[in-house]
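Keep the model open as you read.

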Amino acid sequence: MTVLTGDRPTGPLHIGHYFGSLANRLALQDTHEVFVLLADYQVITDRDLPGEIQRNITDVLLDYLAIGLDPAKVTIFQHSALPELNQLLLPFLSLVTVAELGRNPTVKDEIAHSSQAAVSGLMFTYPVHQAADILFCKGTLVPVGKDQLPHIEVTRTIARRFNERYAPVFPVPEAMLSRTPLLGGLDGGKMSKSRGNSIALKASEDETAALIRRAVTDVDRRITFEPETRPGVATLLTIAGLCSGREPRELAEEIGDGGASALKRLTTEAVNEFFRPIRKRRAELTEQDARAVLAEGNERARAVAIRTLEEVRQAMGF
Ligand code: TRP
């Protein structure tokens, strides 16, 4: 089984990423062949410019290494180092219809939330490029969040149609959903780098304390775990629970009438304690370390991509 997954490098990763997907990859690296993609070309799907792309790539790389992704086991690579992915895009585009591209619910949602004046062609076609991300290494297992399921469906369609039309080159991959539900943000909304409501993995202990101090809670002094009616309190209890390996409900009972300040103190301590070794390791890594890991991963991934592209051309008769 080959695992492929990835992130858009739009900023440093946060604790929601850690519990939602990174922890999962750590477990998989011991048992599977794992590819992790820095999807840099995908950054320009919902914005005009790649922004501080080099800075963001380095940040995400340092996060990966700090949490313990082992470059001896995992191949970390980036879109922009693999021109073969772009070459796979063209035949793959011939396998899907315009109607199918327009129907993708995740694309529709991104268009609705995009700040761009007009929708680019890339917005409709990047899921097909994402199919190349997964199929170039004959990925069979794709750990993702629920929002990515439509893209995995596109990938499965492309793999099946290619195999039927030409030759059986590709496995049909499966999505693997994380068991940890999406972490809420500190403002009661969804945790997201762009909304300023998240705790970065690399945040200092003081920054963490300040962020949690500002978190939205409510006026009820008695702490209870009720995600539907008390989302702010529930988010803090969930974070504290994940970091301390305990049940949110049990923590709530312990805090009892201690109110939001006791809850925030406990959450801050739990986060800082859990991430202390990761943050320490991150501070010891240099940008050169990170760049060297990426250069080597790019080389490994590219060799695989060249082989797959050759198979594709052969199967198609080019
Ligand atoms: N679209 C994914 C996201 O926004 C990132 C990504 C790109 C990806 N290529 C991938 C994820 C391939 C899984 C497999 O988070």
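Glu-84 touches Arg-302, Ala-305, Ile-306 and Leu-309, leaving out residues up to four places away in sequence. Contact here means heavy atoms within 4.5 Å. Glu-84 sits in helix H3, residues 83–93. Helices (H or I, at least four residues) and strands (E, at least two) are DSSP runs, numbered from the N terminus. Is Glu-84 buried or exposed? Glu-84 is buried, because its relative accessible area is 5%. The cut-offs are under 20% for buried and over 50% for exposed, with partly exposed in between (1.4 Å probe, protein chains only).

A word on what you are viewing. This is a predicted model, in which local features need pLDDT of at least 70 and side-chain atom pairs count only at pLDDT 80 or more, while totals for chains, interfaces and linings use all residues. Residues are numbered from 1 along each chain as its sequence is written, and side-chain values use heavy atoms, with hydrogens and water left out.

Now turn to Leu-182. Leu-182 lies in the loop between strand E5 (174–177) and helix H8 (205–213). Leu-182 has a relative accessible area of 74%, so it counts as exposed.

Next, the interior. A nonpolar core is a set of buried Ala, Val, Leu, Ile, Met, Phe, Trp, Tyr and Cys residues joined through side-chain atoms within 4.5 Å. The largest one has 56 residues, and Tyr-18, Tyr-64, Ile-76, Leu-237 and Phe-275 touch the most other members. Helix H2 (residues 53–67) supplies the largest share of this core, nine residues. Take Tyr-64: beyond its neighbours within four places in sequence, its contacts are Asp-7, Leu-13, Leu-22, Arg-25, Val-36, Leu-37, Leu-38, Leu-69 and Ile-76. Another core, of 35 residues, lies apart from the largest one; its members include Leu-4, Val-144, Ile-158 and Val-304.

Finally, step back to the whole chain. The protein has twelve helices and five strands. Its radius of gyration is 21 Å, close to the 20 Å that the globule rule gives for 318 residues, so the protein is as compact as a globular protein of that length. That radius is taken over C-alpha atoms, and the rule is 2.2 Å times the number of residues to the power 0.38. The C-alpha trace spans about 70 × 40 × 35 Å along its principal axes. Of the 318 residues, 50% count as buried. Among contacts between residues at least 6 apart in sequence, 77% join residues at least 24 apart.
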